[in-house]
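Open the structure in your viewer and keep the selection tool at hand. The stops below say what to select and what is there.

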Amino acid sequence: MTGTGFSLDRILNTFAAWSLALLWVLPLAYAVWTAFHPAAYEARFELLAPLTLDNFAKAWDAAPFARYFLNTFLLVSLILAGQFFLGTLAAFAFARFQFPGRNLLFTLVLLQLLVMPDILMVENYQTMRLLNLVDTIPAIALPYIASGFGIFLLRQTFMTIPKELDEAARIEGASVLGVLWRVYIPLAKPTYLAYGLVSVSHHWNNFLWPLIVTNSVDTRPVTVGLSIFSAIDSGVEWSVINAATLMTSGPLLIAFLLFQRQFVQSFMRAGIK
C-alpha cells in the first residue's frame with residue numbers, strides 16, 4: 001500500500017512538473033516559430049513551412065538595437081560594479097568589526113528588502129532631476145547601487161569564513177583591505193557569481209524605472225526600446241516583434257543554458273534555499 005501511494009505521488013508530481021514546463025515553453029516556442037517563419041505562418045503551423053531570417057533583419061533595421069544593447073551593457077555593468085564594491089565593504093564591516101549601532105544599522109539594511117522599489121519612484125525621479133541626471137544611464141543605475149540583498153548575502157558568507165585566516169594573513173603583514181582582498185573575496189567567489197547572475201538578469205529585464213527616467217534613444221535599454229518599437233498604431237507584425245523579443249532576451253537565455261550548472265551550484269554553496 002505504501003509503495004503504491006509513493007508511486008502515485010511520484011506520477012502526479014511528474015505530471016505536474018511536465019504540465020508546468022509545457023505552459024512555460026509554449027509562449028517561447030510560439031515566439032521562436034513566428035520569428036523564423038514568414039508572416040503568413042504566424043497562425044499556421046506547418047512542418048514544411050519555409051525558414052527565414054528576414055524578421056530579424058527587419059527588426060534590427062526598424063529600431064537602433066545596437067545602441068539599446070550598448071546602453072544595457074553599460075547599465076548592468078555599472079550597477080554590478082557598484083553593488084560589488086559597496087556590498088563587499090559593508091558586508092565585511094558587518095561581519096568582522098564591532099562598532100556602536102552595528103545591529104541597528106544591519107537591521108536598517110534588512111528593512112530595505114521590505115521596501116518595493118516602485119514606491120520610491122517619484123522621490124527617485126525628483127532626486128535625479130535635482131542632480132540634473134534625468135535621461136542618463138547613471139540615473140537608471142543609482143537607485144540600485146546599494147543593494148540590501150547583496151550586503152546580506154555577502155555578510156552571511158563572510159561570517160562563515162574562519163577568523164583564523166584573518167590572523168594568519170595579519171601575521172604575514174596584510175592590512176585590513178589586504179585581508180579582504182586576499183582571503184574573503186576569493187573564498188566568496190561562488191556567492192559573487194550567484195548574486196552577479198541574479199543582478200544582471202534583473203536589471204537587464206527592468207522596465208518601469210528606465211521607462212520613466214529616460215527620454216531618448218541614447219539612454220534607453222533594450223526593454224524600453226522593445227516596448228516603444230512594438231507600440232505601433234497600424235498593423236502588428238508579430239513575426240518581427242517576436243524576432244526583436246528573441247534578440248533582446250537571447251543573451252540571457254543563452255547564458256543561462258550555458259551556465260545553469262554553475263548557477264545552481266553557486267546558489268547551493270551560497271546557502272540560498
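Contact here means heavy atoms within 4.5 Å. The model is a predicted one, in which local features need pLDDT of at least 70 and side-chain atom pairs count only at pLDDT 80 or more, while totals for chains, interfaces and linings use all residues. Residues are numbered from 1 along each chain as its sequence is written, and side-chain values use heavy atoms, with hydrogens and water left out.

**The whole chain**

Colour the chain by secondary structure. The protein chain has 13 helices and zero strands; both are DSSP runs numbered from the N terminus, helices being H or I with at least four residues and strands E with at least two. The radius of gyration of the protein chain is 24 Å, well over the 19 Å that the globule rule gives for 273 residues, so the chain is more spread out than a compact globule. That radius is taken over C-alpha atoms, and the globule rule is 2.2 Å times the number of residues to the power 0.38. Along the principal axes, the C-alpha atoms fill a box of roughly 70 × 70 × 35 Å.

Now show the surface. The accessible surface of the protein chain is about 16900 Å², and 69% of this belongs to carbon and sulfur atoms. Accessible areas come from the Shrake-Rupley method with a 1.4 Å probe, and for residues only the protein chains shown count as cover. Of the 273 residues in the protein chain, 36% are buried. Buried means under 20% relative accessible area, exposed means over 50%, and partly exposed lies in between (1.4 Å probe, protein chains only).

Select threonine 72, which is in helix α3. Threonine 72 counts as buried because its relative accessibility is 1%. Apart from neighbours within four places in sequence, threonine 72 is in contact with Trp204, Pro221 and Val222.

Next, select glycine 196 in helix α10 (residues 189–205). Is glycine 196 buried or exposed? With 9% relative accessibility, glycine 196 counts as buried. Leaving aside neighbours within four places in sequence, glycine 196 is in contact with Leu80 and Phe84. Draw a distance from glycine 196 to phenylalanine 84: the two are 112 residues apart in sequence and 8.5 Å apart in space, C-alpha to C-alpha.

Then show the side chains of aspartate 166 and arginine 96, which form a salt bridge with their closest N and O atoms 3.7 Å apart. Aspartate 166 lies in helix α8 (residues 163–171) and arginine 96 in helix α3, so the pair ties together parts that are 70 residues apart in sequence. A salt bridge is a side-chain nitrogen of Lys or Arg within 4 Å of a carboxyl oxygen of Asp or Glu. The structure holds one salt bridge. Aspartate 166 counts as buried at 15% relative accessibility, and arginine 96 counts as buried at 16%.

**The two sides of α4**

Select helix α4 (residues 102–111), where Arg102, Phe106 and Val109 are buried. These residues are on the same side of α4 because they cover an arc of only 50° around the axis. The arc is that of the directions from the helix axis to the C-beta atoms. The buried residues of α4 pack against α3 (65–96) and α7 (148–159). Turn to the face of α4 away from its buried side to find the exposed residues Asn103 and Leu104.

**A loop with positive phi**

Move to the loop between α5 (121–130) and α6 (137–141), where asparagine 132 is found. Most residues other than glycine have a negative phi. Asparagine 132 has a positive phi of about 60° although it is not a glycine. Asparagine 132 is exposed, with a relative accessible area of 67%. Aspartate 135 lies in the loop between α5 and α6 too, and has a positive phi of about 65°.

**The nonpolar patch**

For the last stop, select Leu22, Trp24, Val25, Leu26, Leu253, Phe256 and Leu257, which form a nonpolar patch on the surface with about 680 Å² of accessible area together. The elements that give two or more residues to the patch are α1 (2–35) and α13 (238–270). Patches are made of residues with over 30% relative accessible area and no salt bridge; like charges are joined within 9 Å, and nonpolar side chains (Val, Leu, Ile, Met, Phe, Trp, Tyr) within 5 Å. Which helix gives the largest share of the nonpolar patch? That helix is α1, with four residues. Finish on leucine 257 in helix α13, which counts as exposed at 51% relative accessibility.
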